[in-house]
Amino acid sequence: YGRSIPDLPFFVDREIESIMEITDKKINSPLTSSCGRVFDAIAAMSGGRACISYEAQAAIEFMQSAQGKLSRPYAYDILTSDNTIQISTRSLIKSIVKDLLAGESMTTVSQRFHHTLVEMFTRLAVRASKDTGIKTVALSGGVFQNELLFSSLLAALEKTTLKVLSHSLTPTNDGCISLGQA
């Protein structure tokens with residue numbers, strides 16, 4: 001949206017100008033590949049928790065608001081350049097904002113967002129498999145503590161020719177890193 005911030009309740013009484021300056025000048029705002037930060041942002045924009053008391057609180061509550069269901073996915077973009085594949089959240093966020101401005105509930109947004117991730121990750125895994133010949137995909141990282149995302153993605157991937165690996169004896173999040181370091 002550039003400097004044209006959408007008229008969402010989330011932005012009321014927030015220091016938007018100072019945040020834009022920080023991001024424009026790239027001050028203390030490193031890029032991230034963390035899916036958790038996307039969950040945090042979408043949850044807050046959708047009327048969920050903007051401040052948390054523990055790790056992943058906003059994402060957990062956002063997942064719970066989906067009530068275990070998926071709805072039609074949002075638009076998203078997969079960009080390719082110089083043998084690099086990137087997921088752009090631009091179309092996804094614009095679609096979510098459009099829904100929110102039209103009065104859609106956090107439940108609907110959560111259901112659609114989860115379905116979008118399942119579709120996107122499945123598409124990327126199948127594409128990567130075709131490009132590399134690798135037929136095994138591992139689901140790992142803190143985002144896979146999200147039961148709706150994990151079980152839905154697992155079901156989608158099982159419909160492909162890919163073999164799916166996931167954690168069974170160790171946690172999927174940073175606890176596994178700690179175990180490896182020990």
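**Helix packing and selected residues in a predicted model**

Ala44 lies in helix α2, where helices (H or I, at least four residues) and strands (E, at least two) are DSSP runs numbered from the N terminus. The structure is a predicted model, in which local features need pLDDT of at least 70 and side-chain atom pairs count only at pLDDT 80 or more, while totals for chains, interfaces and linings use all residues. Residues are numbered from 1 along each chain as its sequence is written, and side-chain values use heavy atoms, with hydrogens and water left out.

With a relative accessible area of 9%, Ala44 is buried; buried means under 20% relative accessible area, exposed over 50%, and partly exposed in between (1.4 Å probe, protein chains only). Not counting residues up to four places away in sequence, Ala44 touches Phe10, Arg49 and Ala50, contact being defined as heavy atoms within 4.5 Å. Ala44 and Phe113 are 69 residues apart along the chain, and their C-alpha atoms are separated by 13 Å.

Helix α2 spans residues 35–45 and packs against helix α3, residues 57–65, at an angle of about 65 degrees, the two axes being 8 Å apart. Axes are lines fitted to C-alpha atoms, for helices over the stretch in contact, and angles run from 0 to 180 degrees between N-to-C directions. The crossing of α2 past α3 is left-handed, a term used if the near helix is turned anticlockwise from the far one by less than a right angle, with right-handed used if clockwise. On the α2 side the contact is formed by Phe39, Asp40, Ile42 and Ala43, and on the α3 side by Ala58, Ala59 and Phe62. This contact of α2 with α3 has six nonpolar residues, no polar residues and one charged residue. In this classification Ala, Val, Leu, Ile, Met, Phe, Trp, Tyr, Cys and Pro count as nonpolar, Asp, Glu, Lys and Arg as charged, and the others, Gly among them, as polar.

Helix α3 also packs against helix α5 (residues 106–132), at an angle of about 100 degrees and with the axes 8 Å apart. The two helices, α3 and α5, are therefore roughly perpendicular; angles of 65 to 115 degrees count as such, those under 35 as roughly parallel, those over 145 as roughly antiparallel and the rest as oblique. Phe62, Met63 and Ser65 of α3 meet Met106, Thr107, Val109, Ser110, Phe113 and His114 of α5. By class, the contact of α3 with α5 comprises five nonpolar, four polar and no charged residues.

The buried residues of α3 are Gln57, Ala58, Ala59, Phe62, Met63 and Ser65. Their cover includes α2, α5 and α6 (147–158). Just after α3, Gln67 takes a positive phi of about 55 degrees.

Gln111, in helix α5, is buried at 12% relative accessibility. Apart from its neighbours within four places in sequence, Gln111 is in contact with Ala66, Lys69, Leu70 and Ser71. Gln111 and Met20 are 91 residues apart in sequence, and the C-alpha to C-alpha distance between them is 29 Å. Ser129, also found in helix α5, is buried with a relative accessible area of 6%. The contacts of Ser129, leaving aside neighbours within four places in sequence, are with Ile134, Lys135 and Leu162.

In helix α4 (residues 90–101) lies Ser95, which is buried at a relative accessible area of 19%. Beyond its neighbours within four places in sequence, Ser95 is in contact with Tyr74 and Ala75.

Most residues other than glycine have a negative phi. Lys26, which is not a glycine, has a positive phi of about 55 degrees. Lys26 is placed in the loop between α1 (16–24) and α2 and counts as exposed at 66% relative accessibility. Asn28 is found in the loop between α1 and α2, and its phi is positive, near 50 degrees. Asn28 is exposed, with a relative accessible area of 77%.

The cysteines were considered last. A disulfide is a pair of cysteine sulfur atoms within 2.5 Å, and by this rule the count comes to zero. Cys35 is buried, with a relative accessible area of 18%, whereas Cys51 counts as exposed at 61% relative accessibility.
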